[in-house]
Amino acid sequence: MDTIFEIIKARRSIRKYLDKPLSKETIDKLIEAAKWAPSGMNHQPWGFIVVRDKALIQELSDRSIPYIKELVEKDPKMARYKRRMRTENFSIFYHAPCLIIILGKKSGFSCENDCAMAAQNIMLTAWSMNIGSCWIGMMRVLEKDEWFRKTFEVPENYTVIAPLAIGYFNPKDAPGIERNPVEVLRYF
């Protein structure tokens, strides 16, 4: 078994998934890992939506694209997304067989930070199980979309924090990655 430090260093964002479903038990284990994340004042402000229906995952992607196109037009740094969206059968979720959408209670003391830590727990646990993940921040554009909130019964007091694509992958598709040197501003 890998140590947590080895898992942290090895984990990659996966953008190519195998067409192999995850079992409910596997998904439950990932969510169990999320619930053990630290949270401000132990508020535990997270809620989870699991989507395994391929048609619903594609519809989420399709409904996100017009919002994303708007963002891309406004920010030239996002030009690479414009190219990606022209790909045939494009999905912002890279055709992952499962999404875990982490929602946060708006009243939470540090809702975004807490849910981000829950997402990290899911991604690290997934990697330890040879399951890939990718945080799909662009899906947050559906936050105020009426269809999304109604279809997935999102309570008004919750906000979308961390949409995660989850699935099995071929290890050869895991990208190599270099890290920049750490910049320690000061030691006191």
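A: The model is predicted. The expected span of a helix is 1.5 Å times one less than its number of residues. Helix 3 (residues 54–74) has 21 residues and should therefore span 30 Å; its end C-alpha atoms are 31 Å apart, which agrees.

Q: Where in helix 3 does a kink lie?

A: A bend is read as the angle between axes fitted to the seven residues ending at a position and the seven starting there. In helix 3, a kink of about 35° lies at Ile65, shortly before the proline Pro66.

Q: Which residues of helix 3 are buried, and what do they pack against?

A: Ile57, Leu60, Ser61, Ser64, Ile65, Ile68 and Val72 are the buried residues of the helix. Their packing partners are strand 1 (46–51), helix 4 (79–85), strand 2 (98–105) and helix 6 (146–151).

Q: What does the side chain of Asp53 reach at the start of helix 3?

A: One of its side-chain oxygens comes within 3.0 Å of the backbone nitrogen of Ala55.

Q: Turning to Arg12, how far away is the nearest side chain of opposite charge?

A: A salt bridge requires a side-chain nitrogen of Lys or Arg within 4 Å of a carboxyl oxygen of Asp or Glu. Arg12 is buried but has no salt bridge, as the nearest side chain of opposite charge, Glu178, is 7.5 Å away. Arg12 sits in the loop between helix 1 (4–10) and helix 2 (24–35).

Q: Which backbone oxygens lie close to polar atoms of the Arg12 side chain?

A: The side chain of Arg12 reaches the backbone oxygen of Lys9 at 2.9 Å, and the backbone oxygen of Pro175 lies 3.2 Å from one of its polar atoms. Beyond four places in sequence, Arg12 touches Trp127, Ser133, Pro175, Gly176 and Ile177.

Terms used. Residues numbered from 1 in each chain as written. Predicted model: local features only at pLDDT ≥ 70, side-chain atom pairs only at ≥ 80, totals over all residues. Heavy atoms only, no water. Helix = DSSP H or I, 4+ residues; strand = E, 2+ residues; numbered from the N terminus. Buried < 20%, exposed > 50% of the residue type's maximum accessible area, 1.4 Å probe, protein only. Lys, Arg positive; Asp, Glu negative; His and termini not counted. Polar contact = N/O pair within 3.5 Å; in protein donor to acceptor, adjacent residues only side chain to side chain. Contact = heavy atoms within 4.5 Å.
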